[in-house]
Amino acid sequence: MKLLASLTSPYARKIRIILAEKALPFELVVDSPWEVNTRIPTLNPLGKVPVLIADDGETFFDSPVIAGYLETLGTAPALLPPGALDAIRVRQTEALADGVTDAAVAALLESRRPDGERSEREMLRQHEKIERGLAELERRLGAGPWFNGDALQLGDIAVGAALGYLDLRFPALDWRGRHPGLVPFARRMFERASFRNTQPPAG
Ligand SMILES: N[C@@H](CCC(=O)N[C@@H](CS)C(=O)NCC(=O)O)C(=O)O
């Protein structure tokens, strides 16, 4: 398997964490869709990472789809429960976490627009999504060690990747102060080898 990814992409990191948790061998091909010579649009018409090329050459994109494909390989630990509705619930956690990431990416891109083109209103709108998303994640986690079920699942990994991305791009956001209920969870996730070994480079 080959994974095409940039080292800072939180969606790609989610997939790299899954691959590490399952100890699945793969080749990491670093490719940024923002570079002029990128191969990504030839593999994913949407021009986004991550892209996974399976051993038989089939290509998958969009991180929830890649995560679903990796589950079909049947390698332990299973990160989705067997029941269809339970699996949807884990997917809901993933979607909420990915939505926080989407808003953070949008806010970052807006903040990087040239003076005069940047919209403070749009940045605020995205930050409100982040805030509401984190509040809902905190509410859903409650006192539990995991978001769904009694072991690590895909939703937990997505939340960890989202929080890691906030630390990377918005270190002044103080999500820990605003959502202390997520702190012990994040600490435990960030201590896992799969998270430590996929830390994005600073900058
Ligand atoms: N929903 C997609 C989002 C992927 C995404 O937006 N990736 C960013 C990198 S963090 C990207 O490739 N952006 C390039 C672009 O938007 O042109 C997923 O979960 O894989």
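The model is a predicted one.

We begin with the ligand. The residues around the ligand are Ser 9, Pro 10, Tyr 11, Pro 33, Trp 34, Gly 47, Lys 48, Val 49, Pro 50, Asp 62, Ser 63 and Pro 64. A polar side-chain atom of Ser 63 is 2.6 Å from an oxygen atom of the ligand. Asp 62 also uses its side chain, with a polar atom 3.2 Å from a ligand nitrogen atom. Val 49 uses its backbone instead: a polar backbone atom there is 2.9 Å from a nitrogen atom of the ligand. On its own the ligand has 510 Å² of accessible area, and the protein covers 79% of that area.

Next comes the largest pocket. The space in this pocket is about 740 Å³. Its lining has 28 residues, and those closest to the centre of the pocket are Ser 9, Tyr 11, Trp 34, Val 49 and Val 105. Ser 9, Tyr 11, Trp 34 and Val 49 are also listed among the residues around the ligand. Two or more lining residues come from each of helices H1, H3 (63-72), H4 (84-111) and H6. Of these, H4 gives the most to the lining of the pocket, with 8 residues. Sorted by class, the pocket lining has 13 nonpolar, 7 polar and 8 charged residues. Domain 1 (2-72) and domain 2 (84-196) each supply at least three residues to this lining.

A cavity, unlike a pocket, is a space from which the probe cannot get out. How many cavities of 30 Å³ or more are there? The count is 1. The volume of the largest cavity is about 40 Å³. Leu 7, Thr 8, Ser 9, Pro 10, Arg 13, Ala 161, Gly 164, Tyr 165 and Pro 200 line it. Helices H1 (10-21) and H6 (154-169) each provide at least two of the lining residues, and H6 gives the most, with 3 residues. The lining of the cavity is made up of 5 nonpolar residues, 3 polar residues and 1 charged residue.

Last, the backbone. Most peptide bonds are trans, and most residues other than glycine have a negative phi. Against that background, a few places in this chain can be picked out. The peptide bond from Val 49 to Pro 50 is cis, with omega near 10 degrees. Another cis peptide bond runs from Ala 76 to Pro 77, where omega is near 0 degrees. Pro 77 belongs to the loop between H3 and H4. Ala 23, although not a glycine, has a positive phi of about 55 degrees. This residue is found in the loop between H1 and strand S2 (27-30).

Terms used
Residues are numbered from 1 along each chain as its sequence is written. This is a predicted model: local features need pLDDT of at least 70, side-chain atom pairs count only at pLDDT 80 or more; totals for chains, interfaces and linings use all residues. Side-chain values use heavy atoms; hydrogens and water are left out. On a 1 Å grid over the protein atoms alone, a cavity is a set of points where a 1.4 Å probe fits but cannot get out, and a pocket is an open set with protein on both sides within 12 Å along at least five of seven lines; lining residues have an atom within 4 Å of a point. Grid points are joined across faces, edges and corners, and a volume is the space filled by probe spheres set on the points. Helices (H or I, at least four residues) and strands (E, at least two) are DSSP runs, numbered from the N terminus. Ala, Val, Leu, Ile, Met, Phe, Trp, Tyr, Cys and Pro count as nonpolar, Asp, Glu, Lys and Arg as charged, and the others, Gly among them, as polar. A residue is near a molecule or strand if one of its heavy atoms lies within 4 Å of it. A polar contact is a pair of N or O atoms within 3.5 Å; within protein, one must be able to donate a hydrogen and the other to accept it, and residues adjacent in sequence count only if both atoms are side-chain atoms. Accessible areas come from the Shrake-Rupley method with a 1.4 Å probe; for residues, only the protein chains shown count as cover. Domain bounds come from an automatic or database domain assignment.
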